[in-house]
Structure formats: C-alpha cells, structure tokens
Amino acid sequence: MKIKKRILTILIVFAMCIGCLPVYAEDNSTYSDSAETSAPAETSDPVEAFVERLYTNILQRDPDADGLQDWTNVLKSGQEQGARVAQGFIESPEFMSRSLTDTEYLTILYHTFLDREADAAGLAAWQQVLNDGLSRLHVFKGFVESDEFTAICADYGIIRGNASLTAPMDQNEGVTRFIVRCYRLCLGREVDQDGLNSWCSQLLNGANTAKDVAYGFVFSDEFQSKNLSDEDYIKVLYRVFMDREADSAGLSDWLSMMDNGASREDIFNGFADSPEFARLCEEMNLPEPPLRIVLDPGHDDICARNHPDLGFNEQDLNQKIALACRDELMTYEGVQVFLTREDGSCPDNGIGSDDVTGRTAYAASVQGDVFISLHNNASGLGYPSSANGACAFVSVHSGYAEESKALAQSILDELTSSVDLRNLGVMTRTDLSKGRYPDGNVKDFYYLISSSVERGFPGIIIEHAFMDNPHDNALLKNDEQLKAMGIADATGIARYYNLTKR
Ligand SMILES: [Zn+2]
C-alpha cells in the first residue's frame, strides 16, 4: 500500500471584531500526496523508505540492494539515527566526487531536509555563509538539524538525532569566520584547510587568543614578505581589528606615532587592545580568552627550604599542593594554568636562596592574569610552636588591592573549611625601604607581590599551614591533606572567578 503523507490544512478565520483574537481551525480531513521528493517508495517498511529517499534525493539514483539493507539495519539497530545516516550519504565518496556548484549542493539540501524548493532569500543567505568560508558540512548541519527534518524523520518513525562534525573548522562559526578573515585581510588569499583547522583549534582550546592569532598572521613571514609601507600596514590593521577602512584623521595619528618612534608591534598592540576590537570579538561570538593562572610553588631545590627536623622540605610541600591545584583547575572551563616549576628545578637565576626574580618574570612572559605563590609558614621559634593556621598576603596600596584581597579571602575560606586549618585571614605588609610605586604609594614588602603589581597583574602569597606547629605539621606530612589543600586552593580560585566545571 502506498503510504500517503497527511497534510494539515490550516484554515485561518479572522475575527470580525477588533479586540478578538483570530481563530485558527484545523481541518484534519484533507489528505494529499506530498511532494514527489519525499514520497516513500513502494515499500511497506518506512525505515527502508527513508533510506530510499536519501538515495533518491542525495545520490540521485536507485538504491543498490546491499546499500539499502546496510543503512536500514544501521537505523533499525539504533546504531545511528536519521541525521548521522544522512551525513553518511553527504560524506560518501560517491557524493563528494560530484562536482556540484554551491547552488546545486544547497538545492539538494533543501529537497532532502526541508522537503521544498529553495527560496531566493534563503539560498542567498546560505550562499553567503559558504562565501564567508564556512564548510559545506557546516551548512549541512544547519539543514539536517532543522525542525523540518525532525518532522520528516518522524513521518518515517525515525528519531532525527544530530550530525557529528569533528573538524576544528566546523566547531564554532565565529571562530572559523575570524580565521578566514585573517587569511583574506592579512595574507590576501583563501585558507588552506590544514592551516584553517590548526588556527581554529588553537583559538577553540584557548592556546591562543584572537589577538595571538592576529599576531601570528601579521608577523608571519608571508605577511612580512609583502614589505608594506607604514601606511598600508596601518590600513590592514584597521580592516582586521576595526572591520573598516582607515579614516584620514586616525591614519595620520597612527603614522605620527610611528614617526615618533613607535614600532609596528606597538601599533599592533594599540589596535589589538582597543575597545573596537573587543567589540568585534563579541559580535563575532568568539570564545572569551581563557583566564591565565600562574601558580608558583615557593622555593626549589636550589633556593631550598630544607627542614629535616620537621620531616619535610617546604619546596616539596609547595610543589605537591601546586600540582593538585593545577589538576583541579583543569577541570574548569576557560582556564589555562602555568607553573613556575613542576619539579625541583629553579625558575629563578640561582643567585642565592633569596632570589625570586624569575617567578613573576615568567608569569609576565606567559601573559598571566594572576600570580599565586604557594607556601608554608614557620613561626621561626622552632618545633613545637603554638602558631598555626592559614593566611595570605596581598597588595595594599595598588590597583590590585581589592581583587587580590577578595581572591585570597575566597581561597582561605575554602582552605579552612575543607581542611582542618585555622583561618588567620588576609594580611598586608609594606615597607618604605622597598621604595614607592610610580603613583607614589609605598611598595608592598614582598617582592613577589610588588613585582606582580609592576608587571601588570595581581600577585598573592598563600601560606597554607605552620610547618613547626604539631597540629599543622601532622597535616603537612599527609599527602592526602596536601592534595586537599591544592584542591581547596583551586576551588577558591574558581569561585572568585566564577569558573564553571567542564
Ligand atoms: Zn615559603
């Protein structure tokens, strides 16, 4: 028996009086043959009819018996749902080898997944998506995951499901558009697929920000070999970062900056750090740049704090806490974690036990957003000391004072609620002998804090426990407790920055 598709005829009866809602009446009595493209073939098996329809619409031929049976089994066994089976046809060598124009390709998608002819406006919009550098598979996903195709699948008793696109270039439309723009505006050429996928994955996984990507293009050998004049260089930056042509006043401002000694990199940073570019990134729906957290396990095997009398070395405790903190932070979205050291090696210059100059320098080199130095305390009075608990040191007279204090408080709250430690609170320390910041304020006492401020990010020091206190000492000798401290640090950091779990 030929299965007929039921069409609902919707009669719209407009109310005659103002203020009344129109009345919609459904007339279920009208049945009609559907468009030829969606009519299931002469078979009593709707799943087989669904597969036949894909052969007819996509491959535009009759099914071969084996293929028909294989795809039908895939659907019936539940191995795949409707969208994935359709994807199998779209990605088949047979279909891929046909040299279809964009319009021919889109027309097939309209017939197969929307069960209708393409309208001019819709066709033009999808053509623009392809012109912007998005892949045909990306466009396929837009069609196959439509409500219309859900309904078509339902007619055959099939669950639609979703397409599965794995290439980095098919993951985020904004990211792909941004990279394609960089190719076109900076290099003046179309993408190569490997390059596009590689740049997309770097932006998607947070290894690079949009600024980093643009830097990669602008300072590439290919771009440099164009030997652009300063004026043409600035004009390119206008297009890349502001999505417009240069205005003459702006152009001459940038040129006079270069006449006064600004480098091309300075000009690049001026554009890349502008509010206009931030707005463009937002408009393009680019992922937020990840938060770059630098963890600093205090001391090391060169600048050591060995305490054989207490049963451990401080640098080893700090390292275990930092590694646990890093592992926990990696379970959150939108973070990148950097460690000044992952083993006993010295991140400083090895000048002596009090040399800590390499640590915030490293944080600056990885463009850290925050520097967190992890330590353990000692009363200096020797074991057994009564001083115990966790505390933090933060900047007091800088622009980072508030952020530092709130972050440190969040960490201490978590640390002292999940580990049996007393909360000694957030502390500050200044000393006139350390000099003043450029704004005239007295510097923070600790170099790790003051050098963070000077390098442009907040720096805090967490003192987890007192090594020479019997209660705290017992905690520090227990690796599970050290791990719990690292997890607590991470949880406190995550709460302050509103991070969400992956
Ligand atoms: Zn220390």
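Me: Is Gly 380 buried or exposed?
Reply: In this predicted model, Gly 380 is found in the loop between strand S7 and strand S8 (390-393). Its relative accessible area is 68%, and a residue counts as exposed when that value is over 50%. Gly 380 is therefore exposed.

Me: How many Å separate the C-alpha atoms of Gly 380 and Asp 468?
Reply: Along the chain, Gly 380 and Asp 468 are 88 residues apart.

Me: Which residues are joined by a cis peptide bond?
Reply: Most peptide bonds are trans. Here, however, there is a cis bond with an omega of about -5°, and its proline, Pro 384, is found in the loop between S7 and S8. The residues that this bond joins are Tyr 383 and Pro 384.

Me: Which protein residues supply the donors of the zinc ion?
Reply: The donor atoms lie 2.1 to 2.8 Å from the zinc ion, and the residues that carry them follow the spacing H-x14-E-x60-H in sequence. Two of these atoms are OE atoms of Glu 314, while the others are NE2 of His 299 and ND1 of His 375. The donor residues are thus His 299, Glu 314 and His 375.

Me: What is the arrangement of the four donor atoms around the zinc ion?
Reply: The angles that the four donor atoms subtend run from 51 to 145°. A tetrahedral arrangement would need all angles to lie between 85 and 135 degrees. Because of the angles found here, the arrangement counts as irregular.

Me: Where in the chain are the two histidines, His 299 and His 375, and how many residues apart are they?
Reply: His 299 is placed in the loop between strand S3 (291-297) and strand S4 (306-307), whereas His 375 belongs to strand S7 (residues 370-377). The pair links distant parts of the chain, and the two residues are 76 residues apart.

Me: Is His 299 buried or exposed?
Reply: Leaving out residues up to four places away in sequence, His 299 touches Arg 305, Glu 314, Gln 315, Asn 318, Arg 341, Arg 359 and His 375. The relative accessible area of His 299 is 14%, and the cut-off for a buried residue is under 20%. His 299 is therefore buried.

Me: At what angle do helix H3 and helix H7 pack?
Reply: Two packed helices are described by the angle between their axes and the distance between the axes. For helix H3 (residues 82-90) and helix H7 (residues 136-144), the axes are 11 Å apart, and the crossing is right-handed. The angle between H3 and H7 is about 145°.

Me: Which residues in H7 meet those in H3?
Reply: From H3, the residues taking part are Ala 83, Ala 86, Gln 87 and Ile 90. The contact of H3 with H7 has six nonpolar residues, one polar and no charged. On the H7 side, the residues are Leu 137, Phe 140 and Val 144.

Me: What is the phi of Asp 115?
Reply: Most residues other than glycine have a negative phi. Asp 115, in the loop between helix H5 (102-114) and helix H6 (120-131), is buried with a relative accessible area of 15%. Although Asp 115 is not a glycine, its phi is positive, at about 60°.

Key. Residues are numbered from 1 along each chain as its sequence is written. This is a predicted model: local features need pLDDT of at least 70, side-chain atom pairs count only at pLDDT 80 or more; totals for chains, interfaces and linings use all residues. Side-chain values use heavy atoms; hydrogens and water are left out. Donors are N, O and S atoms within 2.8 Å of the metal (3.2 Å for Na, K and Ca); water is not among the atoms, so sites may look incomplete. Four donors count as tetrahedral if all angles lie between 85 and 135 degrees; four count as square planar and six as octahedral if opposite donors are over 155 degrees apart and all others between 65 and 115; anything else is irregular. Helices (H or I, at least four residues) and strands (E, at least two) are DSSP runs, numbered from the N terminus. Axes are lines fitted to C-alpha atoms, for helices over the stretch in contact, and angles run from 0 to 180 degrees between N-to-C directions. A crossing is left-handed if the near helix is turned anticlockwise from the far one by less than a right angle, and right-handed if clockwise. Contact means heavy atoms within 4.5 Å. Ala, Val, Leu, Ile, Met, Phe, Trp, Tyr, Cys and Pro count as nonpolar, Asp, Glu, Lys and Arg as charged, and the others, Gly among them, as polar. Buried means under 20% relative accessible area, exposed over 50%, partly exposed in between (1.4 Å probe, protein chains only).
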